[in-house]
Amino acid sequence: KGLVTTSTPFTAQAVALNEKSLSSFDYAFAGLLGFAILGAGVFGPINIFPELKKQGILRRLHTTPIRSWQYFLSVMMGNAIVGLMTLGLMFATAMSPIFNLKVAGNFFELAIFLVFSIMLILGIGLSIGGWAKNERQAAPLANIIVFPMMFLSGTFFPRFAMPEWLQNITGFFPLSPVIDGARLIATEGQHLTQIGSQLGIMAVWLVIVYAI
């Protein structure tokens with residue numbers, strides 16, 4: 001061992017390739033946001049409306065001056081406010097020294113995008129809850145809609161790891177542009193004017209779900 005002098009042939013040094021020095025958690029956080037929006041936007045309304053139908057409350061609303069669209073709008077705004085408070089708490093926790101989340105984009109633009117996202121996903125919950133007659137119908141239908149989006153829209157693992165043909169299909173899921181847009185703003189520092197494709201898909205789905 002002491003007879004031959006050896007030298008290390010080469011050394012490796014870790015260097016951050018992105019100028020923002022973002023961690024894997026910074027990129028994964030957008031998926032967590034999508035998961036929170038999906039849960040709050042779908043599973044809240046599907047439990048409320050079947051119960052209101054069962055109690056006959058929705059039927060009695062027709063005897064009051066309030067219009068159906070006004071009631072749905074108030075429900076949407078109330079859930080959107082609660083959703084924003086939930087996301088705000090998530091951001092506060094993620095940006096604490098424990099996780100040290102770094103956001104490269106503009107917080108105001110990100111907030112606007114998240115409000116639009118909550119409105120979209122909440123529309124899916126309102127559609128399911130408005131159509132179902134009771135909880136037995138609402139729960140299975142919600143699972144049929146939610147679980148494919150949960151696992152194929154980039155919530156837990158990135159869509160670029162999927163086959164290309166599957167990426168092309170899942171790109172049109174309602175949750176996919178939500179997660180992609182949040183990730184582009186938060187981690188890539190892009191502006192709302194640069195994510196037109198995501199906003200376009202979300203706008204189309206917004207019209208569809210609220211028409212339903």
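1. Let's start with the pocket. Helix H2 (45-55), helix H3 (57-61) and helix H4 (68-94) each give at least two residues to the lining of the largest pocket. Keep in mind while you look that this is a predicted model. The volume of that largest pocket comes out at about 250 Å³. There are 13 lining residues, and the ones closest to the centre are Leu58, Leu61, His62, Ser68 and Phe72.

2. Next, the salt bridge. How many salt bridges does the count come to? The count comes to one. The partners are Arg159 and Asp180, whose side chains meet at 2.9 Å, N to O. Arg159 sits in the loop between H6 and H7, while Asp180 belongs to helix H8 (residues 175-188), so the pair ties together parts that are 21 residues apart in sequence. The background here is simple: side chains of opposite charge can pair when their charged atoms come close.

3. Now the surface. Phe35, Phe147, Phe151, Phe156 and Phe157 form a nonpolar patch there, and together they have about 490 Å² of accessible area. Take Phe157 as one of the members: you'll find it in the loop between helix H6 (135-152) and helix H7 (164-170). With a relative accessibility of 38%, Phe157 is classed as partly exposed.

4. Leu166 is in helix H7, and it is buried because its relative accessible area is 18%. From Leu166 to Leu152 the spacing is 14 residues in sequence and 8.6 Å in space, C-alpha to C-alpha. Phe172 is in the loop between H7 and H8. Phe172 counts as exposed, since its relative accessibility is 54%. For Phe172 and Leu152, the separation is 20 residues along the sequence and 11 Å in space, again C-alpha to C-alpha.

5. How far apart are Leu33 and Ile179 in sequence and in space? They are separated by 146 residues in sequence and by 7.4 Å in space, C-alpha to C-alpha. Leu33 belongs to helix H1 (residues 24-43). Its relative accessible area is 3%, so Leu33 is buried.

6. Last, a backbone point. Asn100 has a phi near 55 degrees, which is a positive value in a residue other than glycine. For context, most residues other than glycine have a negative phi. Where does Asn100 lie? Asn100 is in the loop between H4 and helix H5 (107-131). Its relative accessible area is 40%, so Asn100 is partly exposed.

Conventions: Residues are numbered from 1 along each chain as its sequence is written. This is a predicted model: local features need pLDDT of at least 70, side-chain atom pairs count only at pLDDT 80 or more; totals for chains, interfaces and linings use all residues. Side-chain values use heavy atoms; hydrogens and water are left out. Patches are made of residues with over 30% relative accessible area and no salt bridge: like charges are joined within 9 Å, nonpolar side chains (Val, Leu, Ile, Met, Phe, Trp, Tyr) within 5 Å. Accessible areas come from the Shrake-Rupley method with a 1.4 Å probe; for residues, only the protein chains shown count as cover. A salt bridge is a side-chain nitrogen of Lys or Arg within 4 Å of a carboxyl oxygen of Asp or Glu. Helices (H or I, at least four residues) and strands (E, at least two) are DSSP runs, numbered from the N terminus. Buried means under 20% relative accessible area, exposed over 50%, partly exposed in between (1.4 Å probe, protein chains only). On a 1 Å grid over the protein atoms alone, a cavity is a set of points where a 1.4 Å probe fits but cannot get out, and a pocket is an open set with protein on both sides within 12 Å along at least five of seven lines; lining residues have an atom within 4 Å of a point. Grid points are joined across faces, edges and corners, and a volume is the space filled by probe spheres set on the points.
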